[in-house]
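Please take a first look at this protein chain and follow the walk-through below.

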Amino acid sequence: MASATYLQSLDTVYENGDPRGFTLSNRRQVESFIAGAVIAANDLVALDLSASGGLGGQAVTIIKADKNTDSKSIVIGFALEAATATDVTAGKAIKVTIAGVHETANVAGGATVVKGKRLCISTTPGRAAIYANSDTQPIVAYAMSDAGAGGTGTEFLCSVFVIKQ
């Protein structure tokens, strides 16, 4: 269900000097979607156009985004939570950053992803990649930090600002 944000604080610290962070100042918009496949936290996700239930089912079900497959390329944002095979069977809803700051986004390209780079869907499912002028997919986020090794395997993570699609 869509949410509305009416109040916004531009203060970066509380009166006692503690940092407010970005979520309290409404710098991130989060929505819930049903996991249609196994998804790791921080994966780039897209609508699942193969989901049952017609357009309604497709609009609420997500899978890992994949540039190689048109039906997996309608990017929504980055998963805040993981979904296991059991979660998929149970129709578990997971939270997704659809706009604003996402602290640890899964990116391809390793150390070449640096602060300020434009990011789009990649050919590696679940990862964002550096946008090239020849790309036909839209920019989905901007890197807010340099990518560093993290997670499992060859995964690289960086903070991003998600552009609402």
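Is Lys92 buried, partly exposed or exposed? Lys92 has a relative accessibility of 31%, so it counts as partly exposed. Its partner is Asp87, and the two form a salt bridge. Their closest N and O atoms are 3.9 Å apart. Asp87 has 18% relative accessibility and therefore counts as buried. Keep in mind throughout that this is a predicted model.

Now step back to the whole chain. The protein chain has two helices and 10 strands. Along the sequence they follow the pattern β-β-α-β-β-α-β-β-β-β-β-β. The chain has 165 residues, and 41% of them count as buried.

Next, the interior. In soluble globular proteins, nonpolar side chains tend to be buried together. Here, the largest nonpolar core holds 18 residues. Leu44, Phe78, Val107, Val113, Leu119, Cys158 and Val160 touch the most other members. Several strands give two or more residues each to this core: E2 (44–47), E4 (75–79), E5 (93–107), E6 (118–121), E8 and E10 (156–162). E10 gives the most, with three residues. A second, separate core has 12 residues. Val45, Ile62, Ala79 and Ile98 are among them.

Leave aside residues up to four places away in sequence. Val113 then touches Val107, Ala108, Leu119, Ile130, Ala143, Ser145, Asp146, Ala147 and Cys158. Cys158 has a relative accessible area of 2%, so it is buried. Cys120 is buried too, because its relative accessibility is 1%. How many disulfides are there? The count comes to zero.

Charged pairs come next. The count of salt bridges is three. One of them, Asp87 with Lys92, opened this tour. In another, the side chains of Asp43 and Lys64 meet, at 3.5 Å from N to O. This pair links distant parts of the chain, 21 residues apart. Asp43 lies in the loop between strand E1 (28–35) and E2, while Lys64 belongs to strand E3 (residues 61–64). Asp43 is buried because its relative accessible area is 2%, under the 20% limit. Lys64, at 30%, falls between the limits and so counts as partly exposed.

Asp135 has 15%, so it counts as buried.

Which residues make a nonpolar surface patch? Tyr142, Met144 and Phe161 do, and the patch covers about 260 Å². Met144 is found in the loop between strand E8 (141–143) and strand E9 (148–149). Its relative accessibility is 38%, so Met144 counts as partly exposed.

Key:
Residues are numbered from 1 along each chain as its sequence is written. This is a predicted model: local features need pLDDT of at least 70, side-chain atom pairs count only at pLDDT 80 or more; totals for chains, interfaces and linings use all residues. Side-chain values use heavy atoms; hydrogens and water are left out. Patches are made of residues with over 30% relative accessible area and no salt bridge: like charges are joined within 9 Å, nonpolar side chains (Val, Leu, Ile, Met, Phe, Trp, Tyr) within 5 Å. Accessible areas come from the Shrake-Rupley method with a 1.4 Å probe; for residues, only the protein chains shown count as cover. A salt bridge is a side-chain nitrogen of Lys or Arg within 4 Å of a carboxyl oxygen of Asp or Glu. Helices (H or I, at least four residues) and strands (E, at least two) are DSSP runs, numbered from the N terminus. Buried means under 20% relative accessible area, exposed over 50%, partly exposed in between (1.4 Å probe, protein chains only). A disulfide is a pair of cysteine sulfur atoms within 2.5 Å. A nonpolar core is a set of buried Ala, Val, Leu, Ile, Met, Phe, Trp, Tyr and Cys residues joined through side-chain atoms within 4.5 Å. Contact means heavy atoms within 4.5 Å.
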